[in-house]
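Colleague: I should be grateful for a close look at the ligand site and its surroundings. Please take the parts in turn and keep to what can be read from the coordinates.

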Amino acid sequence: PQNVGIVALDVYFPATSVLQDALEDFDGASKGKYTIGLGQDRLAFCSDLEDVISMSLTVVQSLLHKYNVKPSQIGRLEVGSETVVDKSKSIKTWIMQLFEKSGNTDIEGVDSTNACYGGTAALLNCMNWVESTAWDGRFGLVVAADSAVYAEGAARPTGGAGAVAMLIGPNAPLVMERKYTGTHMTHVYDFYKPKLASEYPVVDGKLSQTCYLKALDICYGRLCEKFEKAEGKPFSLSEADFVVCHSPYNKLVQKSFGRLVYNDFLRQASYLEATALAALEPFRNVGMEESYSNRDLEKISQQVGKPLYATKVEPATLIPKQVGNMYCASLYGGLVSLLHQKAGALEGKRTLMFSYGSGLASTLFSIRFREGEGHFTMSRISSALDVANKIQSFITVSPEEFEKTMKIMETRYGANDFKPVAKMSNIRPGTFFLIGVDALYRRSYDVK
Ligand code: ACO
């Protein structure tokens, strides 16, 4: 098959949200810490009517409907999530409800879990299937979904929730350039969920930031090497029109782009002009290990990269800044933002995609855009995503209400025999919601 990649995609995030500005006041944080310091505008969250299963059902149903895809056309369904609900029972089996009715139970794939990386693992699995001898001509379907919640404290404002569904097949408008990838995986305890009775992770925030930036450096170096081998010319940011990064919070994405510019400087990229070279020269021999804690380097490389950040990175930051960290869906929420913000202007362009999941697993890969032909085109995707409406229909609640919901959710996690108490007016029409959990912990859902 030719031009294998993403042929269609859709995004979902809860309407219930809280403004970061109001959270700063409520938490007694210094003014600007969340909005400027973390770079976040808003945080979307699930009330007890919603969870990772309902969000997955909502986004898959919406994708099939909008692009007029029949359930029988799906041959593989892979879910990436780190939100644990039934532990041994996958989220994928829940989504099968949408396919069983049509008689299609012949669908391979289950869930992939490793912090925020699961969605990328699911995407790569579907890509491998379509490109393999096992492929039967049907589409692969990837779902990346998470509810990201943290215990009270510094990490809480970096929560979020959402789901992205992606249809995988040939003749795609978003072609995966599979030769140009860089992967780095290793063992580290920066973020993990050892307390099975709690939805909250144990997180070493500072360590996770450094691990993320190191992983980016290593993946970038590997991608550059592969590109150079295949193309016979060096890779640099001038080969990438856009860069989409996993976004735990926007400030880390700003820092990431600074790192890429610093990498390019060390790799003697030709696009860097005299003033940029002079500004970065004092940091040439800092040494990789020390470079992560060098605040001057961090500041200067971000300053040097600022004009490029505006054109290459900013368009992909809309949903991540408005919704917060959607864990597995975060990177793909960035991709959706780019498709929305640059609709009609992506033909022939390339974006880098950086996926990071703590623990850790990371991959940097490349997508090339083309308008495409027939049923699945870039124009169709841009209008189907309907991003502006989704953002306009946010319901803004007070920080008190947000905190109250977090407390309720703590009692819901792992619980049985309850019905949600949240108001139905908190969810948009067409959204799946939890009806209740029975004495045997069995969940049931309906659509509004
Ligand atoms: N105005 C402007 N900026 C401010 C203000 C203010 N009033 N106050 C603080 N800041 C800045 C800080 O200088 C800092 O920015 P910098 O890093 O550029 O210097 C930023 O705001 C955050 O302040 P910190 O004091 O570093 O924040 P804190 O340590 O309280 O928490 C953290 C931040 C560690 C990110 C925390 O939210 C966390 O643990 N989050 C979860 C982990 C995470 O997301 N890790 C990322 C990768 S792993 C993953 O995806 C889950």
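Modeller: A residue is called buried here when its relative accessible area is under 20%. The model is a predicted one. By that cut-off, the buried residues of helix H13 include Ser 330, Leu 331, Tyr 332 and Gly 333, and also Leu 338 and Leu 339. In total, 10 of the 12 residues of H13 are buried, so the helix is mostly covered. Helix H13 covers residues 330-341, and its end C-alpha atoms are 16 Å apart, in agreement with the 16 Å that 12 residues should span at 1.5 Å a residue.

The ligand sits in the largest pocket. The elements that each give two or more residues to the shell around it are helix H2 (33-37), helix H7 (205-231) and helix H8 (250-266). H7 provides the largest share of that shell, with 4 residues. Altogether 26 residues surround the ligand, and the closest are Lys 31, Lys 33, Lys 206, Lys 255 and Arg 295.

Individual atom pairs give further detail. An N or O atom in the side chain of Lys 206 is 2.6 Å from an oxygen atom of the ligand. For the side chain of Lys 251, the corresponding distance is 2.7 Å. Of the 1000 Å² of accessible area that the ligand has on its own, the protein covers 78%.

Glu 298 belongs to helix H11 (residues 295-312). Because its relative accessible area is 18%, Glu 298 counts as buried.

Note on methods: Residues are numbered from 1 along each chain as its sequence is written. This is a predicted model: local features need pLDDT of at least 70, side-chain atom pairs count only at pLDDT 80 or more; totals for chains, interfaces and linings use all residues. Side-chain values use heavy atoms; hydrogens and water are left out. Buried means under 20% relative accessible area, exposed over 50%, partly exposed in between (1.4 Å probe, protein chains only). The expected span of a helix is 1.5 Å times one less than its number of residues. A residue is near a molecule or strand if one of its heavy atoms lies within 4 Å of it. A polar contact is a pair of N or O atoms within 3.5 Å; within protein, one must be able to donate a hydrogen and the other to accept it, and residues adjacent in sequence count only if both atoms are side-chain atoms. Accessible areas come from the Shrake-Rupley method with a 1.4 Å probe; for residues, only the protein chains shown count as cover. On a 1 Å grid over the protein atoms alone, a cavity is a set of points where a 1.4 Å probe fits but cannot get out, and a pocket is an open set with protein on both sides within 12 Å along at least five of seven lines; lining residues have an atom within 4 Å of a point. A molecule sits in a cavity or pocket if more than half of its atoms lie within 2 Å of its grid points.
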